[in-house]
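Please keep the sequence and the structure at hand while reading.

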Amino acid sequence: MDQTRNPSPSNNSSKISSSSRLLVLQSHLSTQKPTMASEKEAALAAAALPADSPTIFDKIINKEIPANVVYEDDKVLAFRDINPQAPIHILLIPKVKDGLSGVSKVPEAEERHIEILGRLLYTAKLVAKQEGLEDGFRLVINDGPSGCQSVYHLHIHLLGGRQMNWPPG
């Protein structure tokens, strides 16, 4: 963890920030399936972090954490989720965050992001075909704490390999 953002251990906000980062990291590195309550807790903890905080995805992009990569080009990285919610569960992320921690709030998704947002969706189609999902798949973007977003680096979940149900969530 980057200790430069928490200069004073006696500062209460730094304790909250460190514990929030730990909770988020644990939720993404756990091999056990998290409960809905822990997913909500991780989402709330992640929302409390500064928008420019490094994420687990930054570490994957920088090859600091290994990932089972299924697709990579100069703009997009796609890898298998370590806690799959379907037989095929792949995360697609932009390699350059460029303020895209989510979709709904400023300074997130802006007109300048149109190209990368389209590229992510097109890449999802390519990866789905590569994975044999000709019968269909689901794309999910969790946005904000109420959307249960626990990593503030825009990402798309590609889910497939089984019949999806409606309504989701």
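UniProt positions are given in the numbering used here, with feature names shortened, and annotations may be inferred rather than shown by experiment.

## Basis of the description

This is a predicted model, in which local features need pLDDT of at least 70 and side-chain atom pairs count only at pLDDT 80 or more, whereas totals for chains, interfaces and linings use all residues. Residues are numbered from 1 along each chain as its sequence is written, and side-chain values use heavy atoms, with hydrogens and water left out.

## Overall architecture

The protein chain has four helices and five strands, where helices (H or I, at least four residues) and strands (E, at least two) are DSSP runs numbered from the N terminus. Read from the N terminus, these elements follow the order α-α-α-β-β-β-α-β-β.

Of the 169 residues, 38% count as buried, a term that means under 20% relative accessible area, with exposed meaning over 50% and partly exposed in between (1.4 Å probe, protein chains only). Among contacts (heavy atoms within 4.5 Å) with a separation of 6 or more, 58% come from residues 24 or more positions apart.

The five strands form an open sheet in the order E1-E2-E3-E5-E4 with antiparallel pairing, two strands being paired if DSSP finds at least two bridges between them. Strands E1 and E4 stand at the edges with a single partner strand each, so one side of each is left without a neighbour in the sheet. From one strand to the next, the twist averages 20°, with axes taken as lines fitted to C-alpha atoms, for helices over the stretch in contact, and angles running from 0 to 180 degrees between N-to-C directions.

Strand E1 (residues 69-72) and strand E2 (residues 76-80) run antiparallel and are joined by three bridges, and a hairpin of three residues connects E1 to E2. Across this pair, valine 69 stands opposite phenylalanine 79, while glutamate 72 has leucine 77 as its bridge partner. Helix H4 lies across E1, E2, E3 (88-94), E4 and E5 (156-160), and runs at about 150° to E3.

## Nonpolar cores

A nonpolar core is a set of buried Ala, Val, Leu, Ile, Met, Phe, Trp, Tyr and Cys residues joined through side-chain atoms within 4.5 Å. The largest such core has 16 residues, and those with the most contacts inside it are Ala78, Ile90, Leu92, Leu120, Val127 and Leu158. E2, E3, H4 and E5 each supply at least two residues of this core, and H4 gives the most, with five residues. A second, separate core of ten residues includes Ile56, Ile60, Leu91 and Val151.

Beyond its neighbours within four places in sequence, leucine 158 is in contact with several residues, including Ile90, Leu92, Val127 and Phe137. Phenylalanine 137 lies in the loop between H4 (114-130) and E4 (138-140), and is partly exposed, with a relative accessible area of 35%. Residues up to four places away aside, phenylalanine 137 touches Ala128, Leu158 and Leu159. The C-alpha atoms of phenylalanine 137 and arginine 162 are 8.4 Å apart in space, although these residues are 25 residues apart in sequence.

## The annotated site at histidine 155

An unreviewed UniProt entry places the feature "active site" at His155. Histidine 155 lies in the loop between E4 and E5.
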